[in-house]
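Please look over the sequence and the coordinates below before reading the notes. They are meant to be read alongside the model.

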Amino acid sequence: MDQNQAQTDECILTCVYYGPNGEKLIKRGAKIAKKLNCPFYILTVNEEDVDDLDHDKNHYLEFWESLAGEYNATEFIIKTNNKLPISRVIAQVAKEKQATQVILGQTARNRWQELTKGSLINALLKELPFVDLHIIAVTRGLKNYKEEHFETGVHAYLVRTDDDKYRLTFNHTHSCSYSGIFYKEIGTDFNNGVFTFINGNKMCDVHVTDDYVQEHMPPPPQKSETSKS
């Protein structure tokens with residue numbers, strides 16, 4: 001934060017969920033916090049304990065944590081809802097941190113789909129009547145594409161072939177080089193679309209045609225045998 005600017009009484013809480021939109025929401029929260037010179041928190045709510053998360057979700061947590069450091073977030077908060085409504089958990093953290101502005105993503109294509117129906121928003125308005133809610137329109141990380149061109153994303157993997165190409169598969173094996181989300185183009189009988197994945201600390205999109213990646217792939221990050229998958 002700018003040390004020459006007086007800190008305000010504002011406080012930003014950005015809520016992220018698994019998917020490629022977290023980076024956009026974090027950047028938006030960081031931008032507002034920098035402008036207001038105020039604390040900036042990032043919250044993600046899990047349905048299960050961190051130790052029980054799968055490989056993909058752990059990748060997102062690591063990615064967001066790196067972004068939290070990059071954008072000088074005050075704290076990166078991980079909560080397990082323990083069957084509580086997500087709105088209740090968000091409200092508890094917002095009150096604890098004295099947040100004055102809460103940032104959420106709006107899309108009908110992920111598990112935050114309650115947002116489009118208004119139920120989460122209405123619940124938060126009741127829980128946090130004096131907090132400003134920012135509902136940010138997000139896509140699924142597809143650069144220069146409209147969301148309606150693709151089906152709902154599904155977990156998928158890329159396997160390196162003998163001729164140094166990458167083939168899409170929906171079965172996880174030890175030979176898989178990348179793990180991510182595949183968004184299939186609407187109206188095609190073949191696996192044509194976009195594969196979104198995290199490589200290191202960067203979100204990447206590559207085009208897939210008839211099961212094969214059509215672009216040059218960066219070297220996959222070094223896998224740690226000691227990390228949970």
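The briefing below goes from the whole chain to its cores, strands, cysteines and selected residues.

This is a predicted model, in which local features need pLDDT of at least 70, side-chain atom pairs count only at pLDDT 80 or more, and totals for chains, interfaces and linings use all residues. Residues are numbered from 1 along each chain as its sequence is written, and side-chain values use heavy atoms, with hydrogens and water left out. The chain holds five helices and 11 strands, where helices (H or I, at least four residues) and strands (E, at least two) are DSSP runs numbered from the N terminus.

**Whole chain**

- Of the 229 residues in the chain, 46% are buried; buried means under 20% relative accessible area, exposed means over 50%, and partly exposed lies in between, with a 1.4 Å probe and protein chains only.
- Among contacts (heavy atoms within 4.5 Å) with a separation of 6 or more, 62% come from residues 24 or more positions apart.

**Nonpolar cores**

- A nonpolar core is here a set of buried Ala, Val, Leu, Ile, Met, Phe, Trp, Tyr and Cys residues joined through side-chain atoms within 4.5 Å.
- The largest such core has 28 residues, and those that touch the most other members are I12, I26, F40, I42, Y60 and W64.
- Two or more residues of this core come from each of β1 (12-16), α1 (22-36), β2 (40-46), α2 (55-70), β8 (176-184) and β9 (193-199), and α2 gives the most, with six residues.
- This core lies between domain 1 (12-136) and domain 2 (147-213), because both domains give residues to it; the domain bounds come from an automatic or database domain assignment.
- I26 is in contact with T14, V16, F40, I42, W64, L67 and Y71, leaving aside its neighbours within four places in sequence.
- A second, separate core has 20 residues, including L13, C15, I77 and V89.

- β1 is largely enclosed by the rest of the structure, since five of its five residues are buried.
- In a regular strand the side chains alternate between the two faces of the sheet.
- In β1 both faces are covered, with I12, T14 and V16 buried on one side and L13 and C15 buried on the other.
- β1 and β2 run parallel and are paired over five bridges, where pairing requires that DSSP finds at least two bridges between two strands.
- V16 stands opposite T44 in β2, and the side chain of T44 also reaches the backbone oxygen of V16 at 3.2 Å, which falls under the polar contact definition (a pair of N or O atoms within 3.5 Å; within protein, one must be able to donate a hydrogen and the other to accept it, and residues adjacent in sequence count only if both atoms are side-chain atoms).

**Strand β8 and its partners**

- β8 is mostly covered, as nine of its nine residues are buried.
- β8 pairs with strand β6 (residues 154-160) in the antiparallel sense over six bridges, and in this pairing Y157 stands opposite S179 in β8.
- β8 and β9 also run antiparallel, joined by five bridges, with F182 standing opposite F195 in β9.

**Cysteines**

- A disulfide is a covalent bond between the sulfur atoms of two cysteines.
- With a disulfide defined as a pair of cysteine sulfur atoms within 2.5 Å, a search of the whole structure finds zero.
- The sulfur of C11 is 6.3 Å from the closest cysteine sulfur, in C38, and this is too far for a bond.
- C11 is buried at a relative accessible area of 4%, and C176 likewise counts as buried, at 6%.

- H155, which lies in strand β6, counts as partly exposed at 42% relative accessibility.
- H155 and F170 are 15 residues apart in sequence, while their C-alpha atoms are 6.9 Å apart in space.
- T169, in strand β7 (residues 166-169), is buried with a relative accessible area of 11%, and its side chain reaches the backbone nitrogen of N171 at 3.2 Å.
- Not counting residues up to four places away in sequence, T169 touches A156, Y157, V159 and C176.
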